[in-house]
Amino acid sequence: MSYPPTPPPPGGSFPPPPGGGYPPPPPGGSPYGGGATRDYAEPGPRALAGLVDYFGLLILAIIVQVAISATLGALLLLVAVGFGFYNAYLNGESGQSIGKKMQNIKVVSMETGAPIGGGLGIVRALCHIVDNIICYFGYIFGLFIDKEKQTIADKIMKTVVLKA
């Protein structure tokens, strides 16, 4: 007596790939693959970028308010705040604000290595309030003590600042 041939396994005639069908993680644990290392931005360029992004117009607004006109100074102050939010948006959207572009550095996600998006860029800027709370310790810790050069805001948002 002859039996019919056994049917193929579900999903076709080939067994599933080992490990659930997912590609293996990149060697070295880096999201950049190939064991690549990150080239973290130094404190100097980060500080200069921050001065351009957030304090340049603010200082000008204060000088104008004191020396020329309180009304014009208040108007410049509003422009400075808007400029700060715009730079925070750019920081997240493209990884580079105006100051970071000038210093050739960028902000990226630790997990993906890509920019975090405009909205999260603004949230990251607001998280810098935590860096300011205790006499700017968050900046000192991040720029001079932490091995990945992350401020507390960077740790909260899971971002790093790299050389571009």
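User: Which residue is the bridge partner of V108 in strand 2?

Analyst: In strand 2 that partner is V160. A word on the source: this is a predicted model, where local features need pLDDT of at least 70, side-chain atom pairs count only at pLDDT 80 or more, and totals for chains, interfaces and linings use all residues. Residues are numbered from 1 along each chain as its sequence is written, and side-chain values use heavy atoms, leaving out hydrogens and water.

User: Why is strand 1 largely enclosed by the rest of the structure?

Analyst: Buried means under 20% relative accessible area, exposed over 50%, and partly exposed in between (1.4 Å probe, protein chains only). Strand 1 (residues 105-109) has four of its five residues buried, so the rest of the structure largely encloses it.

User: Now R46, please. Is R46 buried or exposed?

Analyst: R46, which sits in helix 1 (residues 43-67), is buried, with a relative accessible area of 12%.

User: What is R46 in contact with, leaving aside its neighbours within four places in sequence?

Analyst: Contact means heavy atoms within 4.5 Å. For R46, the contacts beyond those neighbours include I105, K149, D154 and V161. A polar atom of the R46 side chain lies 2.6 Å from the backbone oxygen of K149. R46 and K163 are 117 residues apart in sequence, yet 10.0 Å apart in space, C-alpha to C-alpha.

Conventions
Helix = DSSP H or I, 4+ residues; strand = E, 2+ residues; numbered from the N terminus. Pairing = 2+ DSSP bridges. Polar contact = N/O pair within 3.5 Å; in protein donor to acceptor, adjacent residues only side chain to side chain.
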